[in-house]
Amino acid sequence: MRKWPLLFYGILISGTGHAQPPLRLKGLSSYTVSRTAVAPQRTLTPGRSHWLLQFAHNPSSAQFKDLANRGATVLSYVPDFAFSVSAPDSTAWEGLDIQWTGRLRPDEKISAEFGERASRSTVTAVVELYPDVDPNDGHVIANNAGLRVLENPDLLSNHLLVRGSREELLALAGWDEVSYIFPASKELTDGMPVRACAGAASSQGSVQQAIPLVGDGWDGPGLGAASLNYAFDDVTAQLPAAAAHAEIERAFSEWASVVQVSFTPSNNPNGNQTIAVLFATGAHGDGYPFLGTAALAHTFYPFPVNPEPIAGDMHFNDAQTWQIGSGVDLFSVALHETGHALGLGHSDKPGDVMYPYYRMHTVLMPNDIAAVQELYAPVGAALSPSPAPVPAPDPAPGSRLLLAVIAPPSSTAASFISISGIVSGGIGSVQVSWTSNNGPSGTAQGSSNWMIPTIPLSAGSNVIAITAEDSLMNLVTSSVTVSYQPTNPAPSPTPSPAPNPPPNPNPNPPPGPDTTPPSLTILSPATNNY
């Protein structure tokens with residue numbers, strides 16, 4: 001199995017001067033953010049809030065360390081050069097080279113796909129909570145806003161299904177714990193089995209539902225053309241190889257039919273601008289192992305959001321039962337994943353190929369086409385000139401220490417969890433260690449691909465801080481929060497008294513062998529001693 005370079009922070013090309021880069025959020029008009037202050041929102045954790053921090057360019061590891069020292073936890077990436085973080089309300093942001101700090105208004109957290117119908121009728125919505133929010137808190141907040149919570153076991157762990165009016169959705173969006181609200185599909189509403197896509201992989205961290213595009217595409221800024229290669233690194237044995245190849249190539253062709261992007265077969269999966277297609281199970285060398293059948297696939301966004309050669313690569317979970325035209329349909333999943341490989345986030349409109357819950361598809365939908373044509377020139381259109389690229393700043397001496405953590409489930413009924421991730425850069429040897437707010441601590445196993453196999457949990461909230469330190473004591477820290485809710489143990493049965501020994505069926509057993517030595521006494525004739 002081939003190995004990929006470690007993903008790392010610090011890949012995006014920096015912006016020019018101190019002009020504010022665009023903030024690519026669906027709820028913002030023209031990707032700009034209001035400079036007016038937004039009042040603190042309601043919360044179940046007074047004194048701590050979720051913030052958006054936007055930098056002038058990609059922050060350094062020293063800035064991430066500074067954020068951690070100030071009590072901030074980085075949760076997800078918001079292009080360009082912004083992050084959603086959880087931090088104390090009293091946090092001082094001075095000295096971090098931050099261009100903008102603030103919160104989104106409640107109306108900026110609600111998808112435009114609701115339109116006016118949400119104000120006239122009852123709608124069903126998916127509520128995305130921030131990754132560090134306990135799902136049980138989401139239920140409390142939804143009930144407080146007057147919404148009805150619906151159940152679907154196939155929802156992502158930070159998604160909540162609710163039903164109510166637009167006014168109730170606005171009230172819900174006014175809570176700090178809520179990241180974004182978008183329409184629910186009929187399958188979700190009807191409680192049908194669905195399969196979720198947790199999103200494409202970004203070297204900057206996870207990406208929220210509210211992100212429409214990540215990066216400028218393979219062609220760079222402007223509407224240009226891109227020439228991509230693809231190589232089959234390993235294909236499932238569940239289908240004939242030729243049939244599996246044909247379904248994935250058909251997915252490439254669908255996107256190539258609407259934008260000026262070409263896909264050319266190659267024998268080199270490690271080449272630049274090459275989508276390597278891999279079927280694998282468990283850990284497969286990229287730091288994002290497939291855990292059972294929880295995921296269908298994952299894909300890496302284009303360069304420079306992700307480094308070469310892993311940029312654009314598509315990995316399919318071979319623990320799934322792959323089919324053609326039914327069940328887990330290979331074409332439908334490949335069509336969705338190719339959208340991520342081209343730079344698309346998730347759509348809010350049910351029925352779209354890029355909606356975060358997969359469904360069977362044969363063609364792209366109008367919203368999918370409109371989204372990809374924001375990155376690449378439509379077929380037949382003239383190419384727009386791309387602006388001259390801004391050179392990246394010279395790197396600092398040495399290699400930046402970078403830490404990525406694969407977030408575990410936010411809640412569990414198990415008394416322990418395992419956490420893994422990747423680390424790169426630094427000076428000399430790098431050690432990854434961990435501590436829990438409830439006392440336990442230890443050192444991770446492995447080096448670049450590290451793992452903490454057993455972290456004991458205490459009932460309630462467990463905040464686990466993970467630190468990478470190099471030989472010059474440069475530090476990078478990340479933390480995750482896991483809620484442990486033990487199930488009630490079954491009462492121990494009352495011990496039964498020891499049973500009486502069974503009666504001896506033969507109270508007079510025959511004697512065993514005689515071991516007494518024999519003796520002899522002579523009685524006659526008598527003897528005299530003279």
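This is a predicted model: local features need pLDDT of at least 70, side-chain atom pairs count only at pLDDT 80 or more; totals for chains, interfaces and linings use all residues.
## Basis of the description

Local features are given only where pLDDT is at least 70, and side-chain atom pairs count only at pLDDT 80 or more, whereas totals for chains, interfaces and linings use all residues. Residues are numbered from 1 along each chain as its sequence is written, and side-chain values use heavy atoms, with hydrogens and water left out.

## The nonpolar cores

A nonpolar core is a set of buried Ala, Val, Leu, Ile, Met, Phe, Trp, Tyr and Cys residues joined through side-chain atoms within 4.5 Å, where buried means under 20% relative accessible area (1.4 Å probe, protein chains only). The largest such core has 42 residues, of which I275, F316, W322, L342 and Y376 touch the most other members. Among the elements that give two or more residues to this core are helix 6 (241–256), strand 14 (314–317) and helix 7 (330–342), and helix 7 supplies the largest share, seven residues. Helices here are DSSP runs of H or I with at least four residues, and strands are runs of E with at least two, numbered from the N terminus.

Leaving aside neighbours within four places in sequence, F316 is in contact (heavy atoms within 4.5 Å) with residues including I248, W322, L330 and A334. Another core, of 27 residues, lies apart from the largest one and includes L52 and V194.

## Helix 6 against helix 7

The axes of helix 6 and helix 7, lines fitted to C-alpha atoms over the stretch in contact, are 8 Å apart and meet at an angle of about 45 degrees, on a scale from 0 to 180 degrees between N-to-C directions. Helix 6 is therefore oblique to helix 7, because angles under 35 degrees count as roughly parallel, over 145 as roughly antiparallel, 65 to 115 as roughly perpendicular and the rest as oblique. Residues of helix 6 including A244, I248 and W255 meet residues of helix 7, among them L330, A334 and L342.

Notes: Buried means under 20% relative accessible area, exposed over 50%, partly exposed in between (1.4 Å probe, protein chains only).
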